[in-house]
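Visitor: I am new to reading protein structures, and I would like to go through one slowly with someone. Could you take my questions one at a time?

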Amino acid sequence: MSSAIFGIAKNEFSRCIGHPLVIGLTIFLCILALIVVSGNYMSIQKSQQEPIDSNVLFLDITSSSIYWISSILSFLSLSIGVVSMAGERSSGSIRVLLSKPVYRMEIIMGKFIGINSLILLLILFVISICIALSLIAFGLPSAFPEDILRVLSLAFLLFLLCAIFTNIVLLCGVLFKDIYTSLILSTSLYLIWFISWPYIWTDFLKLINPVLLYLILIRDYSNTHISYLNWVSSILPYITYMLLEILAIFLINCYIFTREEI
Amino acid sequence: MVNNTFQIAVKEFDNLLSNRFIIIIFTVYIIIMSINAYFDYFVINLPDIIHYEGAGVSNSNFLNGLSFILIYYGTAIAVIIGFCSISIEKKSNTLNTLITKPLYRDTVINGKLIGCALFLCLVSLLASMMYLSEWMVLMGNIIDLPIYTFLFDTIVVLLVSWVCQLIFLSTSMFLSIIIKDDVLALFAGMFIYIFMINIISNASFALSLGNIFGSHWTGFIAGLGPDNLAYGIIKNSNDLIGNYPGYISNVVNLMAYLVISIVLSYIAFMRRDIA
């Protein structure tokens, strides 16, 4: 990676990590994780039923909070994407960057890497909080190494979803100079993808809507009857599809941004 | 003063009608509505599904779908309309021009609120008509009650969902007034929407809190969601007078939300330096 890309990525990362939305939503997610784990703990303490397998319990706790974590983090990736590209274009600060001896493709790549490394860090942080709270409340599960692999795969899938979101928001920022157009389009996209489609589970729609695809892929995450390897091999083609989707949108971003008059 | 308020309301309504962002959002609303109508059609026609309201498509299926559309998505649209009404005018300096005129600030905010509320009313009416026509195209005649009963039920749904939308509209206006950064203002409004409609109303969230603080908290927390309060009123629409004790607390809570959010936006608009 060239030093220019690294520099832009580092700048983007440090600029976004101090944004009030990032700080506020991360604190909110930690509180949400605490509520879910404590709620499960109290429920098990009160119930008179047979003890549940620690392995199942561990996976259930992470999966019960994953929808909220996913919806909040993809919302966050959307807002960071808007701040990063549309915000800079609207305020004119991107012109300073363009006057430097860097290729435009390096700018896009730097921004993409900076935002996504922040998102990856946030995903790992929030999921680690979930795991830590679960371990404190219920102790070590019986198949801990496999469970950790499952959780890491889940985190990777969530990262891919967020990367698609940031890439599309960057595309909106590249296409429209006005920040409000980017804002309204990004919010509309979130409403259409995250709020409306998850109720419709058909094979064709999952290829158009990444949220739907993501929800279908994580469906068997906590199913201990399916081994980790079987689960991963069943979702691998879709992971490749998501990666190709990210690459395609990224190339479109680069193509438009390198040819456009700022 | 009333005349000024009326003029500002008309101007606000007109601005919203010609705003390209509102056109984008309305298009999105129609897309979401069509997806939902198709989904309802898909679910109702599943061979193994058990209809708790009797076999076949009924107008209560339609009213459930309509209340979901107007409350769940209509409130999100209200957040964006509230943002457009304050932030975009702030950016283009039209709000600044307006508050330099010899008008009381409460006249301005009254006019804005009335204009936006009427606009939301129009959006809900159009959305309901489109949703009804989509259902009729997909599922044939769905009205199995006398037409006046059906109209009365629809009006109840429209009115209750309108109150919900007004809560989010005034909250979004309040956030747009107090937060200078526009991106943050919109996303803060959207976060409040996600929190109130997706998280507080969620049964597992309420159950988790109920497990921690005691089971009597579960119902209380779930009941804090404006959508749950609204559904609680709508389900009694067949006998609003007879079932009055069952839903009066929901009406009080919903109105409390509305009053608090409107008062907050009033105070912010009166005291805040808008420019």
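**A walk through two chains**

Visitor: Which residues is B:Lys112 in contact with, leaving aside its neighbours within four places in sequence?
Guide: Please keep in mind that this is a predicted model. B:Lys112 has its place in helix H5 (residues 105-139) of chain B. Once its neighbours within four places in sequence are left aside, the residues in contact with B:Lys112 are B:Ile8, B:Glu12 and B:Ser85.

Visitor: Is B:Lys112 buried or exposed?
Guide: A residue is called buried if 20 or more other C-beta atoms lie within 10 Å of its own. For B:Lys112 there are 27 other C-beta atoms within 10 Å, and therefore B:Lys112 is buried.

Visitor: How far apart in space are B:Lys112 and B:Val10, C-alpha to C-alpha?
Guide: Along the sequence, B:Lys112 and B:Val10 are 102 residues apart. In space, taken C-alpha to C-alpha, the distance between B:Lys112 and B:Val10 is 8.9 Å.

Visitor: What radius of gyration does chain B have?
Guide: Chain B has eleven helices and zero strands in its secondary structure. For its 275 residues the globule rule gives 19 Å, and the value for chain B is close to that, so chain B is as compact as a globular protein of that length, with a radius of gyration of 20 Å.

Visitor: Of the contacts in chain B between residues at least 6 apart in sequence, what percentage join residues at least 24 apart?
Guide: The C-alpha atoms of chain B fill a box of roughly 65 × 50 × 35 Å along the principal axes, and buried residues make up 42% of the chain. Among the contacts in chain B between residues at least 6 apart in sequence, the part that joins residues at least 24 apart is 82%.

Visitor: What percentage of the residues in chain A are buried?
Guide: Chain A contains ten helices and zero strands, and its C-alpha atoms fill a box of roughly 70 × 40 × 35 Å, taken along the principal axes. Of the 262 residues in chain A, the buried ones make up 44%.

Visitor: At what angle do helix H5 and helix H6 of chain A pack?
Guide: H5(A) covers residues 104-138 and H6(A) covers residues 144-175, and their axes are 9 Å apart. The residues that meet include A:Phe112 and A:Ile115 in H5(A), and A:Leu158 and A:Phe159 in H6(A). By class, this contact of H5(A) with H6(A) has 15 nonpolar, three polar and one charged residues. H5(A) passes H6(A) in a right-handed crossing, and the two helices pack at an angle of about 145°.

Visitor: Which element gives the largest share of the side of chain A that touches chain B?
Guide: In this pairing, 29 residues of chain A are in contact with 26 residues of chain B. Helices H2 (20-46), H3 (54-91) and H7 (179-196) of chain A each give two or more residues to that side. The residues of this side of chain A divide into 19 nonpolar, ten polar and no charged, and the largest share, ten residues, comes from H7(A).

Visitor: How many residues does the largest nonpolar core have?
Guide: Among the residues with the most contacts inside this core are A:Ala33, A:Leu161 and B:Ile80. Leaving aside neighbours within four places in sequence, B:Ile80 is in contact with A:Ile184, A:Thr187 and B:Ile25. The number of residues in the largest nonpolar core is 147.

Methods
Residues are numbered from 1 along each chain as its sequence is written. Chains are lettered from A and ligands numbered from 1 in the order in which they are written. This is a predicted model: local features need pLDDT of at least 70, side-chain atom pairs count only at pLDDT 80 or more; totals for chains, interfaces and linings use all residues. Axes are lines fitted to C-alpha atoms, for helices over the stretch in contact, and angles run from 0 to 180 degrees between N-to-C directions. Helices (H or I, at least four residues) and strands (E, at least two) are DSSP runs, numbered from the N terminus. A crossing is left-handed if the near helix is turned anticlockwise from the far one by less than a right angle, and right-handed if clockwise. Two residues are in contact if their C-beta atoms, placed from the backbone, lie within 7 Å. Ala, Val, Leu, Ile, Met, Phe, Trp, Tyr, Cys and Pro count as nonpolar, Asp, Glu, Lys and Arg as charged, and the others, Gly among them, as polar. The radius of gyration is taken over C-alpha atoms; the globule rule is 2.2 Å times the number of residues to the power 0.38. A residue is buried if 20 or more other C-beta atoms lie within 10 Å of its own, exposed if 12 or fewer, and partly exposed in between; C-beta atoms are placed from the backbone. A nonpolar core is a set of buried Ala, Val, Leu, Ile, Met, Phe, Trp, Tyr and Cys residues joined through C-beta atoms within 7 Å.
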